[in-house]
Amino acid sequence: MTPATTVEHAGELRLEDVGLDYDGVPVVRDVSLTVPAGGVLAVLGPSGSGKSTLLRGIAGLEPLTEGRVLLDGRDLAGVPTHRRGCALMFQDGQLFAHLTVAQNVGYPLKVRRAPADEVRRRVAELLDLVGLSSYDDRLPATLSGGERQRVALARALAADPKALLLDEPLSALDATLRARLAEDLRGILSDAGTTTVLVTHEQEEAFAVADTMAVMRAGRVVQHGSVAEVWRAPVDAETALFLGYASVLTGDAAGSVLAAAGLATGGDVAVRRSALRAGGEGPLSGVVVAARSAAEQLRLLVDVTGVGRIEAVAPLGSHLGPGDVVRLAVDATRLATLAPS
Amino acid sequence: MRSRAEGARLLTLLGLAALPLVVLGVFFVLPVSGMLARGLWPDGSLDLAGVVEVFGRPRVHRVLWFTLWSAGLGTLLSVLLGLPVAHLLYRRRFPGRGALRAALLVPFVLPTVVVGVAFRRLLATGGPLGGLGLDGSAAAIVAALVFFNVAVVVRAVGSTWESLDPRPAEAAAALGASPRQVLWTVTLPALRPAVVSAASVVFLFCATAFGVVLTLGGLRYSTVETEIYLLTTNLLDLQAAAALALLQLVVVVALLLVTQRLRRTADPAREHRVGHAPQLGRRDLPAVLVSLVPLALVVVPLAGLVVGSVRVEGEWSLAAYRALTRPTAVLPATVQDALVTSLRTAVDATWMSLLLGLLVAAVVTRRSRSRAERRTRALLDGLFMLPLGVSAVMVGFGFLITLDRPPLDLRDSPLLVPIAQALVALPLVVRTLAPALGGIDDRQRQAAASLGAPPWRVALTVDLPVVWRPLLAAAGFAFAVSLGEFGATSFLVREDHPTLPVVIYRLLGRPGDLNAEMALAASVVLAATTAVVMLAVERLRVRSLGAW
């Protein structure tokens, strides 16, 4: 590595053919990803897919068995965790219970022996950034789950990391808090401008926070691209289902739906629940099997001619019930064509 | 309605506690208070002036001062030497780790008399380390105290260290803290409760050490405990003995209150997961070097003991061991008989302390529903810890003076010695069982009950699977404590049926013939028996001795 490359790669986190084992069992294999300076990458995968292990590997908490991790163009092999400049935020925050909020946030500054007034100033700044000014003297035990995660985030940012590693930062929180904090997180990360890797099993969390997304399964990255790309074109049926598509149709059923949407036939198709809309006109017809009111619409299970039983929606107040015959329109933007399996 | 339910719970609580309470009352509170009464009310009237006079004596000042500084220094050294060992034995992996853990535990349960013998042999003029001139010195006493108690620190801190959540340390490292900074800012603060509570228990053990001070200190160095013994048996100055015992009682109760408070800060709901210990590596070299000191301190006296037992008049010989089966002039029974007596007594003491300990542990660990209930449990918890620190000599002598007339004329009962030993072992048993029982999520029991299991069935399905290993471990501890108990036993033992530690002490007091070698050989037999029991306990891998 020449110094020139280092400047060129400033702030960039790069994984090259990374592999990790746990107790001799391969957990992560052949992962190659690049996060540009200031970018936010979400690694999305079900539990046990190796995503947290990957994150620990980047932080230097687990040894790599293959490949290498480069930060600023510098190979991190042999660099101990505390010299890597990767701040890791744990799923449950891991605040130090014996230190106050301010002492927790000031911790990374203290270990670098920053002068006291700088610590004070920076802590105030960061607590302000996460919306917790005036919490200085509280102990972690007195905070709510959401507040704790905010403090943990402020503490990670206080390390002034070259890369921020977030391990399921929001999954310990309840749904409404999660949605709100995801918004905040996005804002805080873009303000801080830190290169970030976020690991999660919640696609909502990934959508809300990240620019690019890598889907992991069984230790490998099966798809990688911008959040919109991955969402629009999942690489296979399993990925589509994991991303929140309601079902994947194959063969004639796929053909019927694709034709109805005005798309080219010949592949499989992943269908979101809201892709089929009943209660108006449309190219498909079927018989309602079950109906249930949800917050914004009526959720139906419809036996569609040429497709089979499939989920659909109708506007609230359309008074549909089992046995009713309906016509269905197909929204092409809520479908994803997959390569035939 | 609610208050009646609460009352019922309180009644159940007291019902469970009834048997241990009665036993503690008759065999501990009664003798100890009898002993105190004898000293404080010498002629039927309270004589406080006498007590004040005792505390004015220069010798008493010397005894108090020596007790304090020897116990303080012993505690400090035990902690300083124990921490690196705990780190190596519980946070690193290497071959032979389990054996080393067990070996370090042996001294703790080794009969105090044996330890005294081992150190004497090593340091005596002409002994392997005789050149140091430490025989009969205070340094020898402190070294012996450390020898005993380093194991307590290692186990108590080690088991906490082992199950310490590794993630805060990882978080600190990811925030830029170097290993040394992680140790100081995260690991040590997390260990502090364990260290402080281990230190206070060690201080308690050091300050009430009896056998080891008696054999090593002679008349020159005396602690409060040995002084009580000397005052009672040699000088028959019961008033002074009672005054000192009272002082000891007050200090011990204060210390127990402190330890109990410290123990409460530990979060019982915290998940105990044993992390993945890395291999021993080059970075551990400093810890390994420091650990060699306590290791040598433990190994050398024991090795000296074994060597001494097979050297007779400068020759290698098993004569001392052969002599163990033969009757001698100085003993009422052969050493072999004494071993059998010791084992029999230990079996009785073990079942007694297990029965009592199980009841006490069940009482103190159940979740309280009301403030009164919680207070009652805390009080009982503290009460049953009392034998931990109250002079065994006082208990023993108290037995003699209070249980000698109807309806409690137990002087010749073969059960007297096991009962006294069971009480001495009781705190250890409770402290082994209580963490296991307390660690059970109460919702498990509630779930079982809601599925239709009656209380006995709940205990069988929820408690027993968790508690059987600690129960076996506690049995091992009780057995070992009973084998080695000397303080109370020396008063109570029946003349024609001495236990092994008593026989060893007597052999030591009569130099000549083969007596010294026989004492060493008998010590080896006793140590080996105890070691075998402790190795079995270690195999059970219980978080024992971990939650004082």
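What percentage of the 341 residues of chain A count as buried? The share is 43%, where a residue is buried if 20 or more other C-beta atoms lie within 10 Å of its own, exposed if 12 or fewer, and partly exposed in between, with C-beta atoms placed from the backbone. This is a predicted model, in which local features need pLDDT of at least 70 and side-chain atom pairs count only at pLDDT 80 or more, while totals for chains, interfaces and linings use all residues. Residues are numbered from 1 along each chain as its sequence is written, and chains are lettered from A and ligands numbered from 1 in the order in which they are written.

**Chain A overall**

- Chain A has ten helices and 18 strands; helices (H or I, at least four residues) and strands (E, at least two) are DSSP runs, numbered from the N terminus.
- The C-alpha trace of chain A spans about 75 × 45 × 35 Å along its principal axes.
- Domain 1 (3-232) and domain 2 (245-338) make up the division of chain A, with bounds that come from an automatic or database domain assignment.
- The centres of domain 1 of chain A and domain 2 of chain A, taken over C-alpha atoms, are separated by 40 Å.
- Among contacts in chain A with a separation of 6 or more, 66% are between residues 24 or more positions apart; two residues are in contact if their C-beta atoms, placed from the backbone, lie within 7 Å.

**Interface between chains A and B**

- On chain A, 17 residues are in contact with 13 residues of chain B.
- At least two residues of the side of chain A that touches chain B come from each of β6 (86-89) and α3 (101-111) of chain A.
- That side of chain A consists of eleven nonpolar, four polar and two charged residues. Here Ala, Val, Leu, Ile, Met, Phe, Trp, Tyr, Cys and Pro count as nonpolar, Asp, Glu, Lys and Arg as charged, and the others, Gly among them, as polar.

**Open sheet in chain A**

- Four strands of chain A form an open antiparallel sheet in the order β2-β1-β4-β5; two strands pair if DSSP finds at least two bridges between them.
- β2 (25-35) and β5 (74-75) of chain A are the edge strands, each pairing on one side only.
- Seven bridges join strand β1 (residues 13-22) of chain A to β2(A) in the antiparallel sense.
- Arg14(A) has Thr34(A) in β2(A) as its bridge partner.

- Strand β8 (residues 195-200) of chain A has six of its six residues buried, so it is largely enclosed by the rest of the structure.
- On one side of β8(A), Thr195(A), Val197(A) and Val199(A) are buried, and on the other Thr196(A), Leu198(A) and Thr200(A) are too.
- In a regular strand the side chains alternate between the two faces of the sheet.
- β8(A) runs parallel to strand β3 (residues 40-44) of chain A, joined by five bridges, and Leu44(A) has Thr200(A) as its bridge partner.
- β8(A) also runs parallel to strand β7 (residues 163-167) of chain A over five bridges, with Asp167(A) opposite Val199(A).
- Strand β18 (residues 335-338) of chain A is covered on both faces, with Leu335(A) and Thr337(A) buried on one side and Ala336(A) and Leu338(A) on the other.
- Four bridges pair β18(A) with strand β12 (residues 268-271) of chain A in the antiparallel sense, and Val271(A) stands opposite Leu335(A).

**Positive phi in chain A**

- Arg113(A), in the loop between α3 and α4 (116-129) of chain A, has a positive phi near 60° although it is a residue other than glycine.
- Arg113(A) counts as exposed because it has 8 C-beta neighbours inside 10 Å.
- Ala218(A), in the loop between β9 (212-217) and β10 (220-226) of chain A, has a positive phi near 45° and is likewise a residue other than glycine.
- Ala218(A) counts as partly exposed because it has 14 C-beta neighbours inside 10 Å.

**Helices of chain B**

- Helix α17 (residues 416-438) of chain B has 23 residues, which at 1.5 Å a residue should span 33 Å; the expected span is 1.5 Å times one less than the number of residues. Its end C-alpha atoms are 32 Å apart, which agrees.
- α17(B) bends by about 45° at Ala425(B), and Pro427(B) follows within four residues. The bend is the angle between axes fitted to the seven residues ending at a residue and the seven starting there.
- Of the 23 residues of α17(B), 21 are buried, so this helix is largely enclosed by the rest of the structure.
- Leu292(B) lies in helix α12 (residues 285-309) of chain B and counts as partly exposed, with 13 C-beta neighbours inside 10 Å.
- Leu292(B) and Thr12(B) are 51 Å apart in space, C-alpha to C-alpha, and 280 residues apart in sequence.
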